[in-house]
Amino acid sequence: MSTEKETDGTMGRSGSGTPRKAIVLGAGIGGLTAAVALREAGLDVEVYERAGELRAAGSGLSVMSNAVGALDSLGVGIDLEKRGTALESYHVRTARGRLIREFPFPEIIGRLGVPSVLITRPDLQAALLEAADGIPLTLGATATGYETGEDPADGVRVRFEDGREAHADVLIGADGFHSVVRRQLVGPEDSQDSGYLCWLAVVPFAHPRFAPGSVTHYWGSGRRFGMVDMGGGRLYWWGTKNMPAERSAHWRGGKDEILATYAGWADEVQEAVRVTPEADIIAVPSRDRAFLERWGRGPVTLLGDAAHPMLTSLGQGSGMAIEDAVVLGRALKGATDLPRALRRYEDERRERTRGMVAASRGISTFEQSEDPVRRPVRDAYFRFMPARRLVRTLEESLTFPLHPAAV
């Protein structure tokens, strides 16, 4: 992917008889995937990113089979297993390490024939940048808004903070939770705090109870902890703790508070925190927004967190962004009426993403419970859920609707 720090003047869109042009705002997971998908669909693509350099935060992702299937459908050879590791086991345990339930992900993944990959965010970003090689990427470009004409043929003009402008046939707002495009579409919005803080870190790690290809969740009272193998001897861990929104939004605690939060928990949990340098721990308030029914207007649409931010409990935020991007590319391929194609994309994605947003919040509330009555109910619910029901629920989320395995 070609990058440039600055571009002078006004960047015009393609003229008559040449490929349609798309502007993608945001070079995160969804934005980069959208750039690749739109190029594969025959559009000229330009990506603009507000950051002055691409530095993915030190966290990990579970790129589940639905997202891997979506990437595979692009046919551009994004082999994530070479950069991460395949998911081989998934367990949920009590705070002290007693097994609550082993989830049948390997069985489902084997039937789908599409792996789920555990990978760091920087490694996934590197893979997508490689796939997007040759697509112009402008860094340090902070969009302030856009303008559209009454005639759809006029396209869209994007304004940037430094006075530059860019013109294209369509604009894709993949600019994240604080999307400039979304704000112009729907106006100011309040975020919805989930009632807890998340800590994240990636660290070299080895422990007898930390197996290759493993994902393990530990559930306590108003606290959870996750350990995910990133391959290459690296652990991605995350922890949660219930706290008021005013404190989680401006958390200034330190490693000592995290250690105290997990005192008495399974040894591997405590060791993971102990060996992590305090400077490598990221604190993130957990929040989403009310689900947005209308994602676009005219030649403009949204994608990923800009369209449907969700809590992390299902680990499907990046997966939904990747799916969005692929469906968007298919909707625009060969389209002559671009606004209509964008509405078709939105209609196709709305119900699946609505379900994921709702399920993520519902599971989050359930799993974070501090109530002494609800906690045993929570554990028993998952321990005794009929296997067939659990498999059916998980398989629906792991299947990309347009992948051959879903047909």
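Leaving aside neighbours within four places in sequence, Leu-25 touches Tyr-48, Ala-143, Val-158, Phe-160, Leu-171, Ile-172, Gly-173, Ala-174, Asp-175 and Val-181, where contact means heavy atoms within 4.5 Å. This is a predicted model, in which local features need pLDDT of at least 70 and side-chain atom pairs count only at pLDDT 80 or more, while totals for chains, interfaces and linings use all residues. Residues are numbered from 1 along each chain as its sequence is written, and side-chain values use heavy atoms, with hydrogens and water left out.

**Leu-25**
- Leu-25 belongs to strand β3, which covers residues 21-25; helices (H or I, at least four residues) and strands (E, at least two) are DSSP runs, numbered from the N terminus.
- With a relative accessible area of 4%, Leu-25 is buried, a term that means under 20% relative accessible area, computed with a 1.4 Å probe on protein chains only, whereas exposed means over 50% and partly exposed lies in between.
- Between the C-alpha atoms of Leu-25 and Asp-280, which are 255 residues apart along the chain, there is a separation of 28 Å.

**Helix α2**
- Helix α2, made of residues 65-73, is mostly covered, since seven of its nine residues are buried, and these are Ser-65, Asn-66, Ala-67, Val-68, Gly-69, Ala-70 and Leu-71.
- Just after α2, Gly-75 adopts a positive phi of about 70 degrees.

**Confidence**
- The average pLDDT of the chain is 92, and 95% of the residues score at least 70; pLDDT is the predictor's confidence in each residue, from 0 to 100.
- Over residues 5-16 the pLDDT falls below 50, and this stretch has 28 contacts in the model beyond near neighbours in sequence.
- Residues 403-407 also have pLDDT below 50, with six contacts in the model beyond near neighbours in sequence.
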